[in-house]
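Dear colleague,

I am handing over the structure below, together with some notes on what was found in it. Please have it open while you read.

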Amino acid sequence: MWHDIIFWILAVLCVSCALCVVWQRNPVVSAVFLVGSFLALAGLYLNLSAPFLAAIQVIIYAGAIMVLFVFVMMLLDLHHPLDLYFRFTKLKFPKLIVLLLFSWFLCTLILATAFPLAAPQTSQGFTISQIATLLFSKYAFPFELTSLLLLIAMVGGVVLAKKK
Amino acid sequence: MISPIGYSHYLILSAVLFTIGVFGVLFRRNLIIIFMSIELMLNSVNLALVAISKFTQNPDGQIFVFFVITVAAAEAAIGLAIVISLFRHKQTIAVDDINLMKG
Amino acid sequence: MLSAILLFPLLGFLINGLVGRRLPKVAVSIIGCTSVFISFAIAFYLFMDFLQSPEGWREITVTLFQWIPLLGVDASLKLDSLSLLLVLVVTGVGFLIHLYSAHYMEEDPSIARYFSYLNLFTFAMLLLVLANNLLLLFIGWEGVGLCSYLLIGFWFEDLEKAQAGKKAFLVNRIGDFSFLIALFLIFTTFGTFNISSLKIFEVSPDQLHTLTVITLLLFIGACGKSAQIPLYVWLPDAMAGPTPVSALIHAATMVTAGVYMVARLHFWYLLTPFSMTVIATVGIITALFSASMAFFQNDIKKVLAYSTISQLGYMFLAVGIGAFSAGVFHLITHAFFKALLFLAAGSVIHALHGEQDIQKMGNLKSKLPLTHIVFLFGVLAIIGCPPFSGFFSKDEILWFAFNKNTLFWILGLLGALMTTFYMVRLFTLVFYGISRKEIKEHLHEAPPLMALSLILLAFLSLGGGLIGVPHSLYGFFKMDNFLEHFLNPVFIGQLEITHEGLSEYTLMMITLVLTLATAIWTFLTFHKHQEWAEHLRIKCSKIHAVLANKYYVDEFYTWAFVVPVKKSSELLLKFLDKGAIDGALGGLGKVTILSGTGLKLLQNGNIQTYALGFVIGTLGILLYIWSMWT
């Protein structure tokens, strides 16, 4: 029962924070709301018995990536007052129609799938040791590749953002 | 609320978050906000993966989420570096005004 | 050795054509003349050879190479009595004309071009004469037409002269087209172009129709080349070219190609009496028609041009009634005296610095004595006064005509008298009487090379007739009819004389008396009593107008053919060329531009538009999954 209540609370929180992200004028405020959304998601991961991922979510997403975002917003010396930027773009109606169609189809497909009635509470989660074993045995190669990827990202970031 | 939570609730939530992310990408002018919407989309996919991983009792889903987060981080770094470089050239981050590739 | 005859003029053409401009003028003339002379020497040697071999052996056939294996066409040349005679005439008279041109054209800056064209012409004409294959003959046929165009329009900076060349080529082309159709028919009927293979003497009745059509088409081609009705209109205009060109091409050689072709293919013509009648009729009508047009012409060269058409009519009359060797005989003698007349006229023109209107000449007898004498020789030859060559050849034609059909003889005699009239008129007005042109400066007579050619041709006009002495005069000249014997093996089946009624001698006398009477009357009229001529002219002023304007034929042709073609091509230009084709191409371009402009809107550089594309694509995938599922 608690699972359900926590799910609903966290779900509502997540969605409302997400809506505020795309509706705010000020990007810094959007960033804060996005952090809120991430934290709600971490809670949902916990609800799904994935503690490792919840931790990773908070540390990396909320902790590193959003900080990076805020730093970049600081670097961009935006002189213009923010309400000079119209929030939304042109061609609103075609995009809106496409978007609504898209969401409707997605939801229809999901709802049409007959999932078995096994409740989330009854199934088991995975421990860190299980994940680690899997990571370093079966997925060792992608693991090494991601380290390379991060190296490239670092170098690329430095090169691209350098002052000439 | 009355019925117990199952797969579909998590997946619907994921879909809703994804839609909100797409909305942000299509409709906002501010480039940073668009990036944030992209992160939101990635997160919705992560949620879906974890949910499916739990209900099919397959740990591969969680490993995949691990990798997605890593890649998202790298991508955010590079993307923001590009935004900085772009801002230095064009002095604007409104996507409407960044149309050098206009044919 | 046959190919050597063809080779030297071709070499002359190439050398003069390619490097002639850088050579000194003397070198150019020497190259041009020697190439033809070498061909003449070879031909003469072969002639001597032929004379010594017995009659059946007088034939050489040479196959140069396999030309179109698919059609079985070989490039083969044949030298028999007929072609040898023509080769001698072409190279001999041609050589004299080349010599003449060396002086006549010596001040012209494009002399190298001139000699190269002349050599090319000689080459093409020899090819035509020597060809054993109708396709090869056609190449020579076209080649002489081309050279005629090039040489008539030699001074092309003058628009009129260029247009004369164009007219010659176009009218010739009509004949060539007819010739080509005939070639197609020949190939489909007989399967070969080789003249030796085509030499048949019998043909089935259904083939006869086709053969008649073929021979008529070939004759139309000959009309174009040899200026018979209705395709003669180019020859008077062709006088725009240099005078030696007129002598060579339009008197001695090219225009005789038609006659030669009929003589060559005599075996077919003997099988189709209808075509023969057509040829003879057209020939005699042309002879009379153009003689009448020559009456009132005032340009020396134009008179001679109409005279050429008229004499060609006589040649066609001869071959049309089956007297092939008589026709060839007249061809040879005509080459001599007509070339002489043209070259003498050229001498006059040269002396008077370009004046060609005889109404402005007169009393040149004392000032140009040599020219006067040779011109007299030429005139006497053409009117048929013995012992000049024209007498023998013309009489032979008239004798054969009499035997075939008395009407032809009467018309032929009438034509001879008309010829006498205008030729003597020309002669008198140029050389006698009061000089109408104010000639202050001393006129110089022809320079040495020109004089040499004139004298040699004069001798040939005088003595050339001796190769064809008629039967009735055997005793008088103590000589046989050499030409008839020489050509006998070639022309099997030609007209034989059945001696009835008047003998040849009597006819000769009648003709001679009438001719001399006409000549004397004309001479006196134009020399001493010009008022008679004026009186006549006023009395028949209407006829005079028609004749002087050449029966308005040129005007008629312009109205009937040239103007409609021009109008229709203007229409086609407007609707087809500009409208349809340009429109289609422009439309193609416009389509591309429009589609590009339309598609360009997709590429607005806005990321969100592209993102929208993504979403639509994903939507498509979802639709697909949905359709698969339900």
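Across the interface of chain A and chain B of this predicted model, the rule finds 1 salt bridge. It is formed by Lys138(A) with Asp60(B), whose closest N and O atoms are 3.0 Å apart. Counting residue pairs in polar contact between chain A and chain B, with both residues at pLDDT 80 or more, gives 9. On the side of chain A that touches chain B, helix 1 (2–23), helix 2 (27–47), helix 3 (51–75), helix 4 (92–112), helix 5 (128–137) and helix 6 (140–161) each supply at least two residues, and the largest share, 13 residues, comes from helix 3 of chain A. By class, the residues on that side of chain A are 61 nonpolar, 16 polar and 10 charged.

As for the extent of this interface, 87 residues of chain A are in contact with 73 residues of chain B, and the area buried between the two chains is about 7300 Å², with carbon and sulfur atoms giving 78% of it. In chain A, the residues that lose the most area to chain B are Leu48(A), Phe69(A) and Phe126(A), which together account for 9% of what that side buries.

Turning to chain C, its helix 3 (residues 81–104) and helix 4 (residues 111–130) pack with their axes 10 Å apart and at an angle of about 175°, which means that helix 3 of chain C is roughly antiparallel to helix 4 of chain C. Among the residues making this contact are Leu86(C) and His98(C) of helix 3 of chain C, and Phe115(C) and Met125(C) of helix 4 of chain C. The contact between these two helices has 11 nonpolar, 6 polar and no charged residues.

With best wishes

Definitions and conventions
Residues numbered from 1 in each chain as written. Chains lettered and ligands numbered in written order. Predicted model: local features only at pLDDT ≥ 70, side-chain atom pairs only at ≥ 80, totals over all residues. Heavy atoms only, no water. Contact = heavy atoms within 4.5 Å. Buried area = accessible area lost by both parts, 1.4 Å probe. Salt bridge = Lys/Arg side-chain N within 4 Å of Asp/Glu carboxyl O. Polar contact = N/O pair within 3.5 Å; in protein donor to acceptor, adjacent residues only side chain to side chain. Helix = DSSP H or I, 4+ residues; strand = E, 2+ residues; numbered from the N terminus. Nonpolar A, V, L, I, M, F, W, Y, C, P; charged D, E, K, R; others polar. Axes fitted to C-alpha atoms, helices over the stretch in contact; angles between N-to-C directions. Parallel < 35°, antiparallel > 145°, perpendicular 65-115°, else oblique.
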